[in-house]
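Dear colleague,

Please find below the structure that I am handing over to you. My notes on what was found in it follow directly after.

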Amino acid sequence: MATNVSAHEHHYHPPGLQHQFEDMGQQQESASIGMWMFLAQEIMFFGGLFTAYLVFRAKFPMAFAAGSNHLDIYWGTGNTVVLIVSSLTMALAVHYAQLGKRMAQVLCIILTMILGATFLGVKAVEYTAKYNEGIVPVTGLNRRTPAGEAQAPVETAGEHKTGATEHAYHNPKGEFQWTDASLAKKAEDAGYLTSAEKAGYYANGVLDANKFRDKVRIFYWIYFAMTGLHALHMIVGLGLMAWLLWKAWLGTYTADYYSPVEMSGLYWHFVDIVWIFLFPLLYLLGRHFGGGH
Amino acid sequence: MADHDKHDEHGHGEHHIVPIPLYLMVFGILMVGTILTVGAAVVDLDHIFPGANTLVALLIATIKMTFVMLYFMHVKYSPKLIGLSIVGTFLFLAIMFAFTMQDYLTRSIGNFSN
């Protein structure tokens with residue numbers, strides 16, 4: 001019988017096993033618990049924004065519905081499909097890594113990257129459209145009208161609201177050019193404005209387009225913060241994929257060692273789950289009121 | 001000393017490989033869920049009770065999330081500890097929502113409103 005030392009020296013060591021772990025299984029389990037702890041804090045991190053959404057939507061539901069109806073439902077649905085397909089290709093990448101199939105793995109990672117980039121591209125198109133309409137909060141501040149002229153457009157906008165002339169509307173603050181208060185009017189006529197909403201939308205006892213605009217602006221703040229943070233996660237995910245692609249191409253991942261693929265997969269699926277909730281909450285919440293753009 | 005050369009049957013090692021047809025099935029469920037979400041959103045369910053549209057949307061989203069977690073993220077084949085962590089996280093999320101809303105929703109009650 002050999003001594004313990006020599007027994008250890010001859011002991012088979014899988015190439016990917018770090019010395020602090022007993023075996024590959026334990027290493028794998030530790031990695032996935034660590035990853036899940038990270039995802040748990042990510043859930044709480046996004047949870048803060050969901051809480052903000054909950055608070056303001058509960059207070060100003062019609063302003064949220066109006067803002068939501070203005071988002072493009074086709075781009076939104078398309079992006080949801082793109083992200084779900086990317087989740088499938090990511091799951092398949094993990095599957096092929098588990099089987100140690102190098103080329104299939106590389107192909108799935110490339111597909112995932114293409115789909116992720118497509119998602120970001122669509123997001124960019126949507127953001128650009130909103131920017132051009134002047135309804136991205138803050139970004140219009142550089143277009144602030146000079147102090148002397150600031151008053152005039154507001155006055156005419158108020159007068160021409162019911163008139164036939166199409167006068168260019170300017171928010172006196174120079175940003176967030178939103179004029180449409182029709183949904184609030186509709187809700188007022190139907191009698192479902194709550195007292196909190198009335199306090200938010202009314203000036204001197206009547207519905208005020210400017211006050212309504214400011215509440216829609218809250219929706220767009222939340223929209224850009226949430227989808228922006230989500231897009232940032234997508235960009236980080238693409239970075240991870242690029243790294244994975246390189247390592248997978250080198251043939252690093254085998255049936256014995258594929259933790260990095262699986263952990264990146266967990267991250268990618270998490271980002272997909274966030275979108276699964278963002279999509280109905282941001283794009284679809286007021287569609288049944290009709291009158292979308 | 002325990003023999004480390006052999007695969008430990010009671011250890012952590014069992015890697016479950018999810019078959020591709022199961023992945024495709026979950027994918028199908030997610031696509032159907034997406035179509036249902038959009039379909040349900042344009043129908044006025046709020047006449048049944050206020051907030052029905054939102055409830056249906058969140059219900060579908062939760063079902064979709066459950067499938068992604070169980071199969072794509074392998075929670076079904078993972079140690080119970082991971083499942084417990086997830087449930088715990090959502091519990092804390094629920095606490096955050098509930099404690100925030102019990103404040104905001106009751107602000108118009110009493111002498112504090114304006």
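**Chain B**

Among the contacts in chain B between residues at least 6 apart in sequence, 48% join residues at least 24 apart. Please keep in mind throughout that this is a predicted model. Chain B contains three helices and zero strands, and its pattern along the sequence reads α-α-α. Chain B has 114 residues, of which 30% count as buried.

One residue of chain B deserves a separate remark. His74(B) has a positive phi of about 60°, although His74(B) is not a glycine. Most residues other than glycine have a negative phi. His74(B) is placed in the loop between helix H2 (52-72) and helix H3 (80-104) of chain B. Is His74(B) buried or exposed? With a relative accessible area of 5%, His74(B) is buried, because the cut-off for that class is under 20%.

**Chain A**

The mean pLDDT of chain A is 84, and 82% of the residues of chain A reach 70 or more. Over residues 146-167 of chain A, however, pLDDT stays under 50. For that stretch of chain A, the model has 10 contacts beyond four places in sequence.

Chain A also holds a residue with a positive phi that is not a glycine: Asn204(A), at about 55°. Asn204(A) sits in the loop between strand E1 (202-203) and strand E2 (206-207) of chain A. The relative accessible area of Asn204(A) is 82%, so Asn204(A) is exposed, the cut-off for that class being over 50%.

**The interface of chain A and chain B**

I turn now to the contact between the chains. Chain A contributes 57 residues to the contact and chain B contributes 53 residues. About 4700 Å² is buried between chain A and chain B, and carbon and sulfur atoms give 78% of that area.

How many salt bridges are found across the interface of chain A and chain B? The rule finds zero. As for polar contacts, five residue pairs are counted between chain A and chain B, both residues being at pLDDT 80 or more.

On the side of chain A that touches chain B, helix H2 (24-59), helix H4 (73-99) and helix H10 (259-283) of chain A each supply at least two residues. H2(A) gives the largest share of that side, namely 20 residues. By residue class, the side of chain A that touches chain B divides into 34 nonpolar, 16 polar and seven charged residues.

With kind regards

How values were computed:
Residues numbered from 1 in each chain as written. Chains lettered and ligands numbered in written order. Predicted model: local features only at pLDDT ≥ 70, side-chain atom pairs only at ≥ 80, totals over all residues. Heavy atoms only, no water. Contact = heavy atoms within 4.5 Å. Buried area = accessible area lost by both parts, 1.4 Å probe. Salt bridge = Lys/Arg side-chain N within 4 Å of Asp/Glu carboxyl O. Polar contact = N/O pair within 3.5 Å; in protein donor to acceptor, adjacent residues only side chain to side chain. Helix = DSSP H or I, 4+ residues; strand = E, 2+ residues; numbered from the N terminus. Nonpolar A, V, L, I, M, F, W, Y, C, P; charged D, E, K, R; others polar. Buried < 20%, exposed > 50% of the residue type's maximum accessible area, 1.4 Å probe, protein only. pLDDT = per-residue confidence, 0-100.
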